[in-house]
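Here is a short briefing to read with the model open beside you.

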Amino acid sequence: MNGNSTVRRVVDAVVGNWASRVYLAVAAALIIWVGIDTAFVAHDDASFAGIFPLLFTAPTSLLVLLLDVEGMAVLPFLAVAALVNAAVIGLTVHKAGGGGTAPNGLSPR
């Protein structure tokens, strides 16, 4: 197996089906919302905005709790957690038969 084939398989697992794409779109919206809230909204106390993407990207994102990371530095970890979860979703959809080819042998994309 060459490098292009491996990259293609990984990309296909992450964004090769509608379930992974929808998951990534919602995760990206939540992460962007938290970034905007952290950067531009002044809070007298702690903001709970960061809880939503943390829970949405769980269980992978819960590893960030083991690290001593605060503020905007959490966002890249959440993005990586979303990509890992999207790959798991994509592989699950593929194994369940939703990511294969159409009955006539043509790709559904």
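Predicted model: local features only at pLDDT ≥ 70, side-chain atom pairs only at ≥ 80, totals over all residues.

Residues are numbered from 1 along each chain as its sequence is written, and side-chain values use heavy atoms, with hydrogens and water left out.

**Overall fold**
- The chain has four helices and zero strands; helices (H or I, at least four residues) and strands (E, at least two) are DSSP runs, numbered from the N terminus.
- Of its 109 residues, 28% count as buried, meaning under 20% relative accessible area, with exposed over 50% and partly exposed in between (1.4 Å probe, protein chains only).
- Among contacts (heavy atoms within 4.5 Å) with a separation of 6 or more, 58% link residues 24 or more positions apart.

**Helix α2**
- Helix α2 covers residues 18-40 and reaches 32 Å from first C-alpha to last, close to the expected 33 Å, a span given by 1.5 Å times one less than the number of residues.
- Its buried residues include Tyr-23, Leu-30, Val-34 and Gly-35, and their cover includes α1 (3-15), α3 (51-56) and α4 (74-96).
- At the start of α2, a side-chain oxygen of Asn-17 comes within 3.2 Å of the backbone nitrogen of Ala-19.

**Largest pocket**
- The largest pocket has a volume of about 460 Å³. A pocket is an open set of points on a 1 Å grid over the protein atoms alone, where a 1.4 Å probe fits, with protein on both sides within 12 Å along at least five of seven lines; the volume is the space filled by probe spheres set on the points.
- Of the 20 lining residues, Val-34, Ser-47, Gly-50, Gly-71 and Val-74 are closest to the centre; lining means having an atom within 4 Å of a point.
- Helices α2, α3 and α4 each give two or more residues to this lining.

**Two residues to look up**
- Asn-85, in helix α4, is buried because its relative accessible area is 9%.
- The side chains of Asn-85 and Tyr-23 are joined by a polar contact of 3.1 Å, that is, a pair of N or O atoms within 3.5 Å, one able to donate a hydrogen and the other to accept it.
- Ala-73, in the loop between α3 and α4, counts as partly exposed because its relative accessibility is 40%.
- Ala-73 and Gly-35 are 38 residues apart in sequence and 9.9 Å apart in space, C-alpha to C-alpha.
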